[in-house]
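Let's take a friendly walk through a protein fold. Have the sequence and the 3D view ready, and follow along.

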Amino acid sequence: NGDGYYYYKNIAIDAIEVGNGCGETIISSMPYTNSFEDGIEWLNDGALSWRNFSNTTSPGNGPPSAASGAKFLCVETTPGQSAILLSPCINLGMFPQMAFQYFQSLHSGDLTLEISQDGIVWSRIWNSTGNGGSNWLNASLDLQ
């Protein structure tokens, strides 16, 4: 902005559940649930890193608490930078579905979910842009 200060905006995720091919670990027991209570078991792979929080360090720019449990993942967004979070390989089975909760501050950018069968070619299956308000939002989608 014009006053010489740069304001960071937060995007947060919590309580990811994937239910009914790639590296060494393939998750096939369903439902697979991760609320990030024990830290980040997924791979941070971007210019910005997702971090584990129990509240945000930027009042008014992020959730004051987790949507589920005590902790959540959060990233302070920066224009032109990406924060990529890669899950372990998940065998989706016959009726794959995914549900999660997310929080987007005003001007925080896009939150995008992509899926891949080989880890090389990725397809966008969900996207949220802009301000999600001051509450956690729910997302649920079929992964077929």
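## Thr77 and its strand

Thr77 is part of strand β6. In this predicted model, Thr77 has a relative accessibility of 13%, and because the cut-off for buried is under 20%, Thr77 counts as buried. Look also for Leu48: its C-alpha atom lies 7.5 Å from that of Thr77, although 29 residues separate the two along the chain.

β6 covers residues 72-77, and five of its six residues are buried. Its partner is β5 (residues 51-53), and the two strands run antiparallel, with three bridges between them. In one of these pairings, Asn52 is bridged to Leu73 in β6.

Now find Phe36, in the loop that links β3 (32-34) to β4 (43-44). Its phi is near 60°, a positive value in a residue that is not glycine. Most residues other than glycine have a negative phi. Phe36 is also buried, with a relative accessible area of 1%.

Nonpolar side chains tend to be buried together in soluble globular proteins. Here the largest nonpolar core has 20 residues, and those touching the most other members are Trp50, Phe100, Tyr102, Leu113, Trp126 and Leu141. Two or more residues each come from β6, β9 (97-104), β10 (110-115) and β12 (137-142), and β9 gives the largest share, three residues.

Beyond its neighbours within four places in sequence, Leu113 has contacts that include Met98, Phe100, Trp126 and Leu141. A second, separate core holds six residues, among them Ala66, Cys74, Phe103 and Trp136.

Terms used
Residues are numbered from 1 along each chain as its sequence is written. This is a predicted model: local features need pLDDT of at least 70, side-chain atom pairs count only at pLDDT 80 or more; totals for chains, interfaces and linings use all residues. Side-chain values use heavy atoms; hydrogens and water are left out. Buried means under 20% relative accessible area, exposed over 50%, partly exposed in between (1.4 Å probe, protein chains only). Helices (H or I, at least four residues) and strands (E, at least two) are DSSP runs, numbered from the N terminus. Two strands pair if DSSP finds at least two bridges between them. A nonpolar core is a set of buried Ala, Val, Leu, Ile, Met, Phe, Trp, Tyr and Cys residues joined through side-chain atoms within 4.5 Å. Contact means heavy atoms within 4.5 Å.
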